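These are my notebook entries on a model with more than one thing to look up. I record each item in turn.

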Amino acid sequence: MLTRKHIESVVLPLSAILVALLLFGLFCLAAGANPFGVYSSIYKAAFGQWSSWQNSLIRAAPLMLSALCTALPARLGLVIIGNEGALVMGGIGAISIGLAMGTAAPPLVVQILMALAGMLFGGVWIVIVGALRHWRGVNETISSLLMNYVAIALLNHLVEGPMKDPASLNKPSTFPLESLYQVGNIPGTRIHYGLVYGIIACIIAYILIQRTTFGFAARTAGGNLRAARIAGLPVGQLTLAICFLAGACAGLAGMVEVAAVHGRANASLNVGYGYGGILVAFVARHNPLAAGVIAVLLGGILASGGILQRSHGLPDATVLVFQGLVFLCVLYSESRYGTIAALQPQSNVTRNA
Amino acid sequence: MSEALGWWGVPLAIAAGTMRGGTPFLFVSLGECLTEKSGKINLGLEGTLLTGAMTAYAISYLTRNSLGNVLAPIFGVLVAGLAGAILGAIHGWLAQQRRVNDVAVGIAMIIFGSGIAFFFGKPFIQPVAPQLPTLDLGNWSSLPAVQAAFKISPLFIFGLILAPVMQWFFRATRWGLLIRAVGDAPEAARAMGVSIFKVRMLSIMGGSFLAGIGGASLSLYYPGVWTEMISSGQGLMAVALVIFARWNPMQCLYASLLFGGAQALGPALQSVGVDSFYYLFNAAPYVLTLGIMILTCSPKKTLTGAPGALGKEN
C-alpha cells in the first residue's frame, strides 16, 4: 500500500536530483558550456540507446554492490565509507585465488572460489572497522576511510612487487587471469554477470534487513542502542555480522571488476566505485532495493564522463562535481521531510485508504 | 638526495619532513580544532585542502606577472583561504539544517571539494607557478641535502605561532569562551542570547580558511606542485589527529609534527635504497593514525576535552 510517507520518500530524493541537475547546469554555463547540450549528451551517453544502456549497466554492477557496504551498516547507525578499500581487498583476494588455481580447474569452481575469496577479504576488512568501533569506540567513518588508503597502498605494493607481471609496463598489474576463468557476459549483451550478482545481493540485503529477525534486531540497535542493549540484543555480534556482510558486498564488487572487467588487478580497481557507492547509498536512503535503481542512474552518469570531455571540452572531474552536487542536494532534502503539507498523512483514518 | 649522507639521510629527511610534511597537517588540524570546539565536525576538510592547494597554485601562476614572484604566491595563500571559507560556508549552512548529519555533509563535501579542485585545476597541472619564499637556515652546511632540509616555510612559522595563539584564544578571550559554550552546552549558550548558528558558521568558516591555507602549503611549498594526487587523505588524517590531540591546539602542533615525520618515512627509506616496501611504507601515516585512534579512544566514556555537543543532532 502506497502511503503519502512512501511518496514523500520518493519525491524528495527525486526533486533533490532535479535541483542538483539545475545547479549543475548553472555550473556548466559558468564554465562556458551549453547546459542543454550537456544534459542531452549525458542522456545520450547514459540511456540514449541499447549500447549506452549496456555501458551504464556495466558500471552499475560494482556501484550497487559497493553501495551496500554503506547502506547495511547505516541501518545499524554506523556511517562506514570503507567501500573503496573493501573493493580493492576483494579484488586482491579474488585475483590471488584465480592465479593460484593454475589452468586445469573447472571454471565454475574457480569463479565461485574467487567470489568467496573476494567476499572474505572485503568482509574481514570492514569487520576490523566494526570491531574497532564496538570494542574501542574508534570513529568508524574515519577509520574506514583510513583503511581505504591502507588497502590501496597494499594493492600498489603487490602490483609493483610480489605479484607484478613484468609485461605490464604502463600500468603495473598482476598477471592476467586465465581467460577461461573470467566471468562471461549475459548472452546477447556486453553486460557481464556481475550485474546479476549485484541485483541478487540487493534483493537478499533487502529481505535480510526488512523481513528477518536479524534485520529487525539490527534496525532496533540502529534506532536506539541503549534500548537494544537492555532488550538483550547481542549488539557486538550484530555489528560484526553486518560489517562482514557489508564488506563482503564491496569485496564481491572487487571480484567482479577483476574477474569480469579487467581480468587482472591493478590501479583500475580504485577508480571511484567506492566513493560512488557511498553516494548511491545516501541517495537511496540506505534502502538496498532503491540502491539498485540509483546505481543504474549513477552508472549512466559515470558512463557519460568521456563524452563530456570529448564534445564539450569539460574535464573528467565534471562528473565528480555533479556527484558532489547531487549528494549535497540529497542531504538538504533530508531536512525537508515532514515539512511539505501535501505529502503529510492527513489523518489516521485516511492514512491507509 | 642522501648520496653524500648515506643512512644519515633518513633521520635528516624525517626531520625535514616533520617541518615540510607537518605544515598541512598543522593548519588542517588547527582548523578542525576550531570547528569541533563549536560542536560540529567537518570531515570535508580533505576537499577543502585540495581546493586550497589548487586555488593557491592557480592564483600564484595567474598573478605572477602582475604581482611578481614574491607577492603572487602570498596572494595565492590568501585566496586559497577564502576559497576554503566559501566551502566552509556551504558546510556550515547545510550541516546545521534540521535532521542533517554533519558527518554525511562532510563526505559530500569531500566529493564536491575534490571535484571543484580537479575541475578548475586541470589547466594548471603543467605550468610552473612561483613558490612561496623560504627561510634558508641550512646555509652553514655545504651539503645540498642539508640545505634543502632546512628551507623553512614562513607558513610553518605562522602555524607555530598560531597554535599557542589559538590556545590562548580559547582560554582567555570572550570569543573563545562563546565558541566553547556553543560547543559544550548549546542550550546554555542559547539562554545567554548567543546565536548558535552564527557562532558555528563562523567557526566552521574560520576552520576551513585555515584548511585552505594548509592546501596552499602543499602546492606552494612542499611538494610544491599541483597534481590531483597531491593530498592523499591528509585532510582526513588531520581530523583524526584532533581527537588524538584532545581538542587542544598545542597538542595539535605536536601531533602534526609526528605525522609529518611519519609521512617522510617512505620516501626517506627509498632514497637510501630500501625500496622493496616503498608502497607499504607510504601507508605508515594511515596505520599510525589508526593505531593512535585505537590507543586513545575508549568505548566506555566520552573523551576528556571532547566538546559536549559533538555528534549530537541539530
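**Entry 1: the two domains of chain A.** I looked up the contact between the domains in this predicted model. I found that 13 residues of domain 1 of chain A are in contact with 11 residues of domain 2 of chain A. Helix H1 (4–30) and helix H14 (318–334) of chain A are the elements that give two or more residues to the domain 1 side. H14(A) gives the most to that side, with 7 residues. I then sorted the domain 1 side by class and noted 9 nonpolar, 3 polar and 1 charged residues.

I also noted the bounds of the domains. The domain assignment places 1–33 + 314–344 in domain 1 of chain A and 56–312 in domain 2. The centres of the two domains, taken over C-alpha atoms, are 25 Å apart.

**Entry 2: the contact between the chains.** I asked how many residues each chain gives to the contact. Chain A gives 38 residues and chain B gives 39 residues. On the side of chain A that touches chain B, at least two residues each come from helix H5 (107–136), helix H6 (140–160), helix H11 (273–283) and H14 of chain A. By class, I recorded 25 nonpolar, 10 polar and 3 charged residues on this side of chain A.

**Entry 3: chain A as a whole.** I looked up the secondary structure of chain A and found 14 helices and 0 strands. Along its principal axes, the C-alpha trace of chain A spans about 70 × 60 × 40 Å. I noted that 53% of the 353 residues in chain A are buried. Of the contacts in chain A with a separation of 6 or more, 78% are between residues 24 or more positions apart.

**Entry 4: chain B as a whole.** I turned to chain B, which has 14 helices and 2 strands. A compact globule of 314 residues would have a radius of gyration near 20 Å, and the 20 Å of chain B agrees with this. The box filled by the C-alpha atoms of chain B is roughly 65 × 50 × 35 Å along the principal axes. Of the 314 residues of chain B, 57% count as buried. Among contacts in chain B between residues at least 6 apart in sequence, I noted that 79% join residues at least 24 apart.

**Entry 5: helix H4 of chain B.** I asked what span separates the ends of helix H4 (residues 64–94) of chain B. The end C-alpha atoms of this helix of 31 residues are only 36 Å apart, whereas a straight helix would reach 45 Å at 1.5 Å a residue. I then looked along H4(B) for a bend and found a kink of about 95° at B:Val70, shortly before the proline B:Pro73.

Entry 6: Is B:Leu67 buried, partly exposed or exposed? B:Leu67 counts as partly exposed because it has 17 C-beta neighbours inside 10 Å, while a buried residue needs 20 or more. Leaving aside neighbours within four places in sequence, I found B:Leu67 in contact with B:Ala72 and B:Phe75. Last, I compared B:Leu67 with B:Leu26: the two are 41 residues apart in sequence and 28 Å apart in space, C-alpha to C-alpha.

Terms used
Residues numbered from 1 in each chain as written. Chains lettered and ligands numbered in written order. Predicted model: local features only at pLDDT ≥ 70, side-chain atom pairs only at ≥ 80, totals over all residues. Domains from an automatic or database assignment. Contact = placed C-beta atoms within 7 Å. Helix = DSSP H or I, 4+ residues; strand = E, 2+ residues; numbered from the N terminus. Nonpolar A, V, L, I, M, F, W, Y, C, P; charged D, E, K, R; others polar. Rg over C-alpha atoms; globule rule 2.2 N^0.38 Å. Buried ≥ 20, exposed ≤ 12 C-beta atoms within 10 Å, placed from the backbone. Expected span 1.5 Å × (residues − 1). Bend = angle between axes of the 7 residues up to and from the residue.
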